[in-house]
Amino acid sequence: MLTLDKIYHASKVLKDVIHPTTIVRASAIDADCDLYLKPECLQLTGSFKLRGSGYKISQLTDEEKERGVIACSAGNHAQGVALAATKYGIKSLICLPDGAPISKVEATKAFGAEVCMVPGVYDDAYAEACRLRDEHNYTFIHPFDDENVIAGQGTIGLEIMNEMNDVDAVICAVGGGGLISGVACAIKHLNPNVKVYGVQAEGAPSMVKSLKEGKITALDKVGTIADGIQVKEPGTLTFEYVQKYVDDIVTVSDDEISTAILTLIEKQKMVAEGAGAAPVAAVMFGKVPVKGKKVVCVVSGGNIDVTILNRVIKRGLITAGRQQTLCIQLDDKPGQLLGVSKIIAEHGGNVISIHHERASEGEITDCILRIVLETKNFDHVREISNSLKNAGFRLV
């Protein structure tokens with residue numbers, strides 16, 4: 001059984017393994033609550049996963065260590081296992097889904113692990129890891145459904161309560177459920193009045209669906225930019241602990257996650273991956289009842305692939321109404337572009353790009369002007385659009 005004593009023991013063992021992540025205030029993100037961040041994105045390996053894998057590997061017998069360890073992961077658990085195994089002088093083999101970000105794959109190799117790429121998603125990598133475990137007698141390090149792993153993740157809950165014992169609510173991302181199981185167990189034992197909320201991506205709501213149906217349920221498919229919580233099926237242990245300790249689990253969209261990533265970069269100078277930003281998205285978009293409360297969001301990881309970061313930021317800008325594309329149907333005659341640009345400038349819009357094309361439909365003398373604008377918010381977009389319409393321009 002997972003106990004508070006075990007989590008305290010994990011905390012003691014991990015002192016020489018992990019990096020302290022002090023809570024920071026985030027007053028500029030949400031005005032309706034007193035928001036704080038637990039920045040596990042600044043952890044060694046860039047994720048909280050080192051805690052669970054580090055404690056699990058520390059508790060292996062000499063025989064288990066001798067056989068070597070194997071794990072499966074979307075990336076963060078892989079790095080945690082690789083670093084912890086290397087620290088203890090143990091051979092490690094990691095199975096990763098072939099869609100895992102290149103940066104996470106390379107980081108896993110850099111921490112000393114051998115990597116096996118598996119076609120599909122996390123669950124496919126899990127099946128292959130189990131096959132290799134049975135074939136070569138490796139010791140399997142589960143990413144979430146293991147009591148020592150959960151105890152290691154629970155040290156985050158201890159640290160939050162030690163640093164801020166008057167917290168009202170703690171919010172964690174949920175994939176397989178290891179993080180929130182450990183955190184909720186620690187917090188509820190120390191103060192049952194503190195609310196613990198989980199957040200899943202709309203494209204991978206395995207725990208939400210399982211709780212609704214009252215049994216562990218596997219999704220047919222998953223898809224989200226938050227690859228760290230892209231899990232088809234929760235664990236047996238984690239489902240039990242979530243039922244017992246977690247107050248509620250909500251979902252957020254990829255657009256909301258993208259907006260949270262952008263907000264963390266701009267307001268906190270903090271880079272979070274999709275899973276790490278999901279709790280902040282839940283607060284920003286009113287998915288959890290925390291108005292007027294003192295809240296800690298666990299920013300669980302910062303290992304976002306830089307090749308998609310630009311796309312995520314752009315998506316966040318569009319979702320927040322800070323980038324907008326206007327298509328304007330014009331008479332193809334001199335002075336039209338001047339009239340449009342004058343109105344945009346008068347209202348403080350910033351033109352990023354312009355594309356002019358002869359219209360394939362409508363009057364033969366018409367043309368289409370496609371303008372990408374930098375704007376303040378959706379009210380600003382409406383202000384510019386209405387002014388263009390009032391001046392006689394046709395928005396399509």
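How much space lies in the second largest pocket? I read off about 160 Å³.

**Basis.** I worked from a predicted model, in which local features need pLDDT of at least 70, side-chain atom pairs count only at pLDDT 80 or more, and totals for chains, interfaces and linings use all residues. Residues are numbered from 1 along each chain as its sequence is written, and side-chain values use heavy atoms, with hydrogens and water left out.

**Pockets.** I took a pocket as an open set of points on a 1 Å grid over the protein atoms alone, where a 1.4 Å probe fits, with protein on both sides within 12 Å along at least five of seven lines; lining residues have an atom within 4 Å of a point. For the second largest pocket I listed lining residues including Tyr122, His142, Phe144 and Glu233. Helix α6 (residues 122-136) gives the largest share of that lining, three residues.

I then turned to the largest pocket, which holds about 200 Å³ of space. I noted 13 lining residues, of which Ile18, Pro20, Thr21, Arg51 and Glu159 are the closest to its centre. Here helix α7 (residues 147-163) supplies the largest share, three residues.

**Cores.** I took a nonpolar core as a set of buried Ala, Val, Leu, Ile, Met, Phe, Trp, Tyr and Cys residues joined through side-chain atoms within 4.5 Å, buried being under 20% relative accessible area (1.4 Å probe, protein chains only). The largest core has 57 residues, and Ile57, Ile160, Val167, Val170 and Val296 touch the most other members. Helix α8 (residues 178-190) contributes the largest share, seven residues. Apart from this core I found another, of 37 residues, among them Val250 and Met270.

Note on methods: Grid points are joined across faces, edges and corners, and a volume is the space filled by probe spheres set on the points. Helices (H or I, at least four residues) and strands (E, at least two) are DSSP runs, numbered from the N terminus. Buried means under 20% relative accessible area, exposed over 50%, partly exposed in between (1.4 Å probe, protein chains only).
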